[in-house]
There are 2 protein chains.
Amino acid sequence: MRIAQVAPLFECVPPKLYGGTERIVSYLTEELVRRGHEVTLFASGDSETSAKLVPGSSRALWRDPSVRETLPHHVRQLEQVFQEAHRFDVIHFHGDYLHFPLLRRHPCASVTTLHGRLHPVDLVPLFEEFPEVPLVSISDSQRRPIPWANWQATIHHGLPRTLHTFRERGEGYLAFLGRTSPEKGLPRAIEIARRAGRRLVIAAKIYPEEQAYFEQVIVPLLRESPNVEFIGEVGGAAKDAFLGGADALLFPIDWPEPFGLVMIEALACGTPVIGWSNGSVPEVIEHGVTGFVVDDVEQALHAVERVGTLSRLACRRAFENRYDAARMTSDHLEVYRKVAYGGARRLRLVPRIESQPAVTSAMLRPRA
Amino acid sequence: MRIAQVAPLFECVPPKLYGGTERIVSYLTEELVRRGHEVTLFASGDSETSAKLVPGSSRALWRDPSVRETLPHHVRQLEQVFQEAHRFDVIHFHGDYLHFPLLRRHPCASVTTLHGRLHPVDLVPLFEEFPEVPLVSISDSQRRPIPWANWQATIHHGLPRTLHTFRERGEGYLAFLGRTSPEKGLPRAIEIARRAGRRLVIAAKIYPEEQAYFEQVIVPLLRESPNVEFIGEVGGAAKDAFLGGADALLFPIDWPEPFGLVMIEALACGTPVIGWSNGSVPEVIEHGVTGFVVDDVEQALHAVERVGTLSRLACRRAFENRYDAARMTSDHLEVYRKVAYGGARRLRLVPRIESQPAVTSAMLRPRA
């Protein structure tokens, strides 16, 4: 197929730093090219891809100190996309909703993946205005605030199989990987480690706007906890070794996480996950097989005791079966065919109709 | 004419709090209605207008704590506008550039007033992509970073004649009115007052994100300056009395101010302005008549000495001749007629052409 991928311009594809959306766009794009599709990637000019790159900015906006407003660059990128729309069988948008009014005036086969949390106050009026736009969710949980939108599928994220290294055993510590933001639940992780008498290693990025929270809430906890180590941000081989060396990943989130890439990164290493029953966690973690889904610290302590009984090989197998980039790509191709050749598009301007039964990734064909 | 005014949704029209753009939209809208035009105002639902109101949100987004993202509301508003575009002779956009790709696919007579500072890194690529969009600047100075865009006119802001009260004499103090942001130059104002041995009264809003600057930079200066008084934010009758009672308004800005409404508010009271030669100031202030345009504190001190020699009546007359809402409205009608019936629109997709000679407000017809 002739496929356009439209990435945000905040980070390059793949990202040099944090940037989950741009990473997923990269994995999907490269796998589509590998399968022989004709792919055009609309992304920042410092992106690296085997697809045809149409630069929407000379470099990633987040890393360009001369940029003050990111919106003009994204508006211009939309113009680039729609000027070439006739060249594509399908356009896959990863940048939220800016293109919705254009889609209506320039009909074309499209699908839009929503990568963030859906806040109903802001998005319900918009999606009520645009009930016809085909959408992909990254977890079933993500849809909950707006279940009646034109969802085409839930497509869980996937990673290349060779990205992480399977390790048969952990090295005796619990791991926390992510931002230090309040919603990521780092104080819970520290409490679990203290009460379980286990070593915890924290690899986390501190955002400038969250420095105060880190210093006021996290640093005092670290001071009181000699068995907890903070190692800052990790990437590449260090991240792989860090995740693979853990006995378990703690994912004590305090918000409805739309997906949670770090969970499948851990599974790719064979490391089970102890996650709070929130957002996507119950979908991603198979309780008692690839980790434990818990509701409070007591349950988490119990899970820490039992996590050694889980098979690390089963975690890796779950990753290979459910979370590799090939499966993710096959799922997307199914949706592309549906919107390009099938009857997935709703008619415009009809009264709001009941949404079709959701097509989840489980209902889609197994990967080729 | 059948005219649409499209206001941002951040504040209502007119604003209950700070919101220069929404105030100008209100003055323009009410004057157009008064002259018998058929006006539709796209604005937040708590706006008050004699035009037909199409609410883009139930209330002003800045004052709705449940709102997290403002962009979805503005995207939906654009859809509202373009669904009714056929009903209007001209659509006047006040919300930057979000609508540019839609204009190209849904041709209609439009003009876009840019209300902010034009940052070339972000806007040059966008305006190069959309050289045909008719624009209005709020000062000639504002255009400088992008002089080749499709400017139709500079239209200085205007206020209703009855909004402020002319006062024949000041009450012996210098005034500063505005935000406490670094670019507004408050430390300069305090230095002028101290060195001139004059009383300074500061009416200013402290934004939450600028609280630290206020406490670290401004508070120590206030402590050392017994002749300087800080009275916080003022509005309505208190603002009118505050501006009208001043011997001069100090406008010691340290950035290219796109317009600077407070200067014409002062003139409406008969109060002359001592302003830094930056941005719009040399256009708005007639040096030696309605105030003094200065380059440094020494010149400002000299101006403070001489400001009593200026005629306050001349300041009020300058306001009436150049900055009332009726003149502003006539200027806009001239542009509306040009884009609706004349040849103002550039052809799309031609190589960039030299811009037409700018039509400044001085070249437009005197008000009716």
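User: Why is A:Glu84 called buried?

Analyst: The relative accessible area of A:Glu84 is 19%. Buried means under 20% relative accessible area, exposed means over 50%, and partly exposed is in between (1.4 Å probe, protein chains only). A:Glu84 therefore counts as buried. A word on the ground rules: this is a predicted model, in which local features need pLDDT of at least 70 and side-chain atom pairs count only at pLDDT 80 or more, while totals for chains, interfaces and linings use all residues. Residues are numbered from 1 along each chain as its sequence is written, chains are lettered from A in the order in which they are written, and side-chain values use heavy atoms, with hydrogens and water left out.

User: Why does A:Lys52 count as partly exposed?

Analyst: A:Lys52 has a relative accessible area of 43%, so it is partly exposed.

User: Which parts does the salt bridge of B:Arg188 and B:Asp254 tie together?

Analyst: The closest N and O atoms of B:Arg188 and B:Asp254 are 3.3 Å apart. B:Arg188 belongs to helix H6 (residues 186-196) of chain B, and B:Asp254 to the loop between strand S11 (246-251) and helix H9 (261-269) of chain B, so parts 66 residues apart in sequence are tied together. B:Arg188 is partly exposed at 23% relative accessibility, and B:Asp254 is partly exposed at 47%.

User: Is A:Gln142 buried or exposed, and how do you know?

Analyst: Its relative accessibility is 5%, so A:Gln142 counts as buried. This residue lies in helix H5 (residues 140-143) of chain A. The side chain of A:Gln142 reaches the backbone oxygen of A:Gly116 at 2.8 Å.

User: How many salt bridges cross between chain B and chain A?

Analyst: The rule finds four across that interface. One example joins the side chains of B:Arg105 and A:Glu79, at 2.9 Å from N to O. Those two residues are also linked with B:Arg104, B:Glu129 and B:Glu132 in a network of salt bridges.

User: What area is buried between chain B and chain A?

Analyst: About 3,100 Å², of which carbon and sulfur atoms give 57%. Buried area is the accessible area (1.4 Å probe) that two parts lose on being put together, summed over both. In chain B, B:Glu79, B:Arg105 and B:Asp122 lose the most area to chain A, together 21% of what that side buries. The contact, meaning heavy atoms within 4.5 Å, takes 30 residues from chain B and 30 residues from chain A.

User: What makes strand S9 of chain B mostly covered?

Analyst: Five of the six residues in S9(B) (residues 200-205) are buried. Strand S8 (residues 173-179) of chain B pairs with S9(B) in the parallel sense over six bridges, and strands pair if DSSP finds at least two bridges between them. B:Ala175 stands opposite B:Val201 in S9(B).

Note on methods. Helices (H or I, at least four residues) and strands (E, at least two) are DSSP runs, numbered from the N terminus. A polar contact is a pair of N or O atoms within 3.5 Å; within protein, one must be able to donate a hydrogen and the other to accept it, and residues adjacent in sequence count only if both atoms are side-chain atoms.
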